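Me: I'd like to go through a model with you, a few questions at a time. Here it is.

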Amino acid sequence: MRASGHRVCKGSPQRRAFHALALLALTALPTPSVARCADLALVLAIDASGSIGEAEFKIQLQGYAAAFRSHDVQQAIRSVGDVDVAVVLWADGEMAAQVQPFRDVSSVAAALDLADRILRIQRTVTGNTGIGRGLWTALDLIEYDRPCAHRRVVNVSGDGKESKAPRSRSQVTLAAARARAELLDVTVNALAIQSEIKDLADWYSKHLLTGSGAFVMGIADLSSFAASIERKLVREIAHPMLAGTEVGDFPPRAPNLGSSRH
């Protein structure tokens, strides 16, 4: 090899410079990225079945959006670290659920962006109350998109029990979806809108909840949805050691935020 007309000898300054440049070029090459493991992967599984009218559907979206804009939910996110959130709109078990994939909401700007995206959702599903299909879709997102998240939670909100209409082979039962959640060590919590079914919170507790510390909150109607979903999100997002705290209080007092299942 020649440089400026001179032979580059072993150990010469030119040879050392050449090796240094080659090493610099190699280190500048792109390297495979290391998979990011979120501290919390949370799926919002929102009822869009036929029992939810258009106005009621918008109240749900507005409630979730307001929650992610709130100081208390953002504070809960900061207490955890890296938080990823996905959205599933579920309805008839025969229909594919609508999905907004996981996105990182760990910063205030990202949480506000998620709030805006939730408000822009246009419903394309309706029909019977296929909670099993909704939960199964949420579990697909967790298992295949966020398998290494340290905590995995599904937040279900709805106003009815699973429909008992004749099922096709493609329909997923709630019992099957719940068993899968148990196998994956995913916690399933619920917010029961009890405007029509007064014992829905109890039904969710028996048939839907699973995982350590799983809990259900019941509301009489959608007029209190926004305030309740904010409290619920604070409780399930916050670090487990802070999850029993009153909204806005870190460190804790210990209020009763609905029935719990252990």
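Reply: Quick bit of wording before we start: strands here are DSSP runs of E with at least two residues, numbered from the N terminus. Keep in mind that this is a predicted model.

Me: Fine. Which strand is Val-83 found in, and is Val-83 buried or exposed?

Reply: Val-83 sits in strand 4, residues 83-90. Buried means under 20% relative accessible area. Val-83 has 0% relative accessibility, so call it buried.

Me: What is the C-alpha separation of Val-83 and Ala-38?

Reply: Those two are 45 residues apart along the chain. Val-83 also has contacts beyond its sequence neighbours, including Arg-36, Leu-40 and Ile-77. As for the C-alpha atoms of Val-83 and Ala-38, they are separated by 5.8 Å.

Me: How do helix 3 and helix 8 cross: roughly parallel or roughly antiparallel?

Reply: Their axes come within 9 Å and cross at roughly 5°. Angles under 35 degrees count as roughly parallel. So helix 3 and helix 8 are roughly parallel.

Me: Which residues in helix 8 does helix 3 meet?

Reply: The contact residues divide into seven nonpolar, no polar and two charged. From helix 3 come Asp-72, Val-73, Ala-76, Ile-77 and Val-80, and in helix 8 they meet Glu-230, Leu-233, Val-234 and Ile-237.

Me: Within what arc do the buried residues of helix 4 fall?

Reply: The buried residues are Ala-110, Ala-111, Leu-114, Ala-115 and Ile-118. They pack against strand 3, helix 2, helix 3, strand 4 and strand 5. Seen down the axis of helix 4, they line one face, because they fall within an arc of 145°.

Definitions and conventions. Residues are numbered from 1 along each chain as its sequence is written. This is a predicted model: local features need pLDDT of at least 70, side-chain atom pairs count only at pLDDT 80 or more; totals for chains, interfaces and linings use all residues. Side-chain values use heavy atoms; hydrogens and water are left out. Axes are lines fitted to C-alpha atoms, for helices over the stretch in contact, and angles run from 0 to 180 degrees between N-to-C directions. Helices (H or I, at least four residues) and strands (E, at least two) are DSSP runs, numbered from the N terminus. Angles under 35 degrees count as roughly parallel, over 145 as roughly antiparallel, 65 to 115 as roughly perpendicular and the rest as oblique. Contact means heavy atoms within 4.5 Å. Ala, Val, Leu, Ile, Met, Phe, Trp, Tyr, Cys and Pro count as nonpolar, Asp, Glu, Lys and Arg as charged, and the others, Gly among them, as polar. Buried means under 20% relative accessible area, exposed over 50%, partly exposed in between (1.4 Å probe, protein chains only). The arc is that of the directions from the helix axis to the C-beta atoms. Lists of a residue's contacts leave out its neighbours within four places in sequence.
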